[in-house]
Every structure is written in C-alpha cells, then in structure tokens.
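Thank you all for coming; I would like to walk you through one structure this morning. Please take a moment to look at the sequence and the fold before I start.

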Amino acid sequence: MTALEKFQELPHINSRYEIQEDWAYTPNLYHFEGEWHVSWIHCSEGDSLDDFRGPTPEEAIDKAYNWFHSKFCND
C-alpha cells in the first residue's frame, strides 16, 4: 500500500477519538519547520489532535497510519 493510499484511509475523528463521517478533526499533511506532519485539525476551530512527524511525507503518514490501526482496528 502506498503512502497516499494509507493517507486516504485516515478518518475524521472527534475529540473523544471516535470516527466521524465528516467534519470534526480532519487528517492533514503539511511541511513545517523542516519536517513533515500529519495532524488531525478541527475543520472550524483550527486546533489539532495528535501530531506525527517525519523527515519525509511517507514517514509521517506511516506513523499516523500505524497509530490509527493500533487505536481503531483489531488487527
């Protein structure tokens, strides 16, 4: 699975870390201060939950994806 496919599987979540259909906290990928980040940023408030960092977009996505699967999936 590619990093883009992994990123596409990351869901919206609410502040209680429950999966939401839409809105609430949305996964975002961005570059800031020399690192890549995947953070769940609230659609209207702008605050965030969790921040996964890496030197490449793929590494940040992998960290977020692995966290998601350990928290939400029973693999």
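This is a predicted model: local features need pLDDT of at least 70, side-chain atom pairs count only at pLDDT 80 or more; totals for chains, interfaces and linings use all residues.

Which residue takes a positive phi in the hairpin of β3 and β4? It is Glu33, with phi near 50 degrees, in a hairpin that has two residues between the strands. Residues are numbered from 1 along each chain as its sequence is written, and side-chain values use heavy atoms, with hydrogens and water left out.

Strands β3 (residues 25-32) and β4 (residues 35-42) run antiparallel and are joined by eight bridges, where strands are DSSP runs of E with at least two residues, helices are runs of H or I with at least four, both numbered from the N terminus, and two strands pair if DSSP finds at least two bridges between them. Within this pairing, Tyr25 stands opposite His42 in β4.

Turning to the aromatic rings, Tyr17, Trp40, Phe52, Trp67, Phe68 and Phe72 form one cluster. Rings of Phe, Tyr and Trp (its six-membered ring) pair if their centres lie within 6.5 Å, with planes under 30 degrees apart counted as stacked, over 60 as edge-to-face and the rest as tilted. By this rule there are six aromatic pairs. The rings of Trp67 and Phe72 have centres 5.9 Å apart and planes at 85 degrees, so this pair is edge-to-face.
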